[in-house]
Amino acid sequence: MKKILSGKVAIVTGANQGLGLEIVKHYLGAGASVVMCARNYELLSVARDQLACDLAPPQKLLAKSVDISNLNDVNSLLEFTLQECGNCHILVNNAGIYGPKGSVENIETADWIRTIEVNVFGSMFMSRAVIPIFKAQGYGKIIQLSGGGATNPLPNLSAYAASKAAIIRYAETLAEELRGSGIDVNSIAPGALNTRLLDEVLEAGPEKVGSLFFKKSLEQKQSGGTPLSKAAELAVFLGSGDSDGITGKLISAVWDKWESWPKYINELSSSDIYTLRRVVGRDRGFDWGDK
């Protein structure tokens, strides 16, 4: 792998398993130093120890137990990163949960709220914490992981769907606030991944997640799903200088030809393509007199 992240320091949340761990592996392969965090330190430390033996000095790989929905934890993580690595250039907001499964009237309110705290507040807390560092150096990359709930309704997973739609619009808004500062903010739609979240759906069963979604999830489990490497490769691109100037976009790791995007910076910057937008009648060939 090309060392396009050499000299860079990245924070990756939700990094003890699944896609987060895959992103850590790819970042290390691209030459970055990585601070990996998650709530479960036991899994985190095992993952760190397995990867540390392959480091190429002066790379560092550090691990810290963090609840990203807790401001004190977030601030402690930033202090730890700066103390141990001296800087930070990239934030990958990967941590997230599915939350309660079932119809809105039957789920626990506290579980719904907790999903928003982790998926939305956690990503906002993390990005807000790194912005002063990024502004001071005139450079930074904030990468947000999305999910199916951002672009499609997900019956029986309402908290997850709402949180993912919210965090993508937050990322788009943050990108506009930071435009011209040297800080790029983008979101990744990783595709249908076979991770612990899929296992949660299968364990919940069709009674809670709905028969159609359960069937689709079962087929995904059997087929193998989208390789984790697809989203990890996109995360490396978005963390590198190759993506400088690309900001405010929701990018599919599977369907978009993002490798060629550096050639189209002007078009990307002046257009609302690859963003969340309302579909109106004329977009589907209906002329109902809309203006």
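At what angle do the axes of helix α4 (residues 109–137) and helix α5 (residues 158–177) cross, and within what distance do they come? The structure is a predicted model, in which local features need pLDDT of at least 70 and side-chain atom pairs count only at pLDDT 80 or more, whereas totals for chains, interfaces and linings use all residues. Residues are numbered from 1 along each chain as its sequence is written, and side-chain values use heavy atoms, with hydrogens and water left out.

Two packed helices are described by the angle between their axes and the distance between the axes. Here helices (H or I, at least four residues) and strands (E, at least two) are DSSP runs, numbered from the N terminus, and axes are lines fitted to C-alpha atoms, for helices over the stretch in contact, with angles running from 0 to 180 degrees between N-to-C directions. The axes of α4 and α5 cross at roughly 20 degrees and come within 8 Å. This makes α4 roughly parallel to α5, given that angles under 35 degrees count as roughly parallel, over 145 as roughly antiparallel, 65 to 115 as roughly perpendicular and the rest as oblique. The crossing of α4 and α5 is right-handed; a crossing is right-handed if the near helix is turned clockwise from the far one by less than a right angle, and left-handed if anticlockwise. Contact (heavy atoms within 4.5 Å) involves W112, T115, I116, N119, V120, S123, M124, S127 and I131 of α4, which meet S158, A159, Y160, A162, S163, K164, A166, I167, Y170 and L174 of α5. By class, these residues divide into 12 nonpolar, 6 polar and 1 charged, where Ala, Val, Leu, Ile, Met, Phe, Trp, Tyr, Cys and Pro count as nonpolar, Asp, Glu, Lys and Arg as charged, and the others, Gly among them, as polar.

Leaving aside neighbours within four places in sequence, Q144 is in contact with N93, S123, I167, I168, N186, S187 and I188. Q144 is buried, with a relative accessible area of 4%, buried meaning under 20% relative accessible area, exposed over 50% and partly exposed in between (1.4 Å probe, protein chains only). The side chains of Q144 and S123 are joined by a polar contact of 3.1 Å, that is, a pair of N or O atoms within 3.5 Å, of which, within protein, one must be able to donate a hydrogen and the other to accept it, residues adjacent in sequence counting only if both atoms are side-chain atoms. The C-alpha atoms of Q144 and Y264, which are 120 residues apart along the chain, are separated by 22 Å.

Two further helix pairs were examined. Helix α1 (residues 18–29) and helix α9 (residues 228–239) have axes that come within 9 Å and cross at roughly 50 degrees, and the two are therefore oblique to each other, with α1 passing α9 in a right-handed crossing. In this contact G18, L19, E22, I23, H26 and Y27 of α1 meet L228, S229, A231, A232, E233, A235, V236 and G239 of α9, a set comprising 8 nonpolar, 4 polar and 2 charged residues. Helix α6 (residues 196–204) and helix α8 (residues 211–223) pack with their axes 10 Å apart at an angle of about 130 degrees, and are likewise oblique to each other, although the crossing of α6 with α8 is left-handed.

The peptide bond from P57 to P58 is cis, with omega near 10 degrees, and P58 is found in the loop between α2 (41–52) and β3 (61–65). N156, in the loop between β5 and α5, is a residue other than glycine with a positive phi, near 75 degrees, and is partly exposed at a relative accessible area of 22%.
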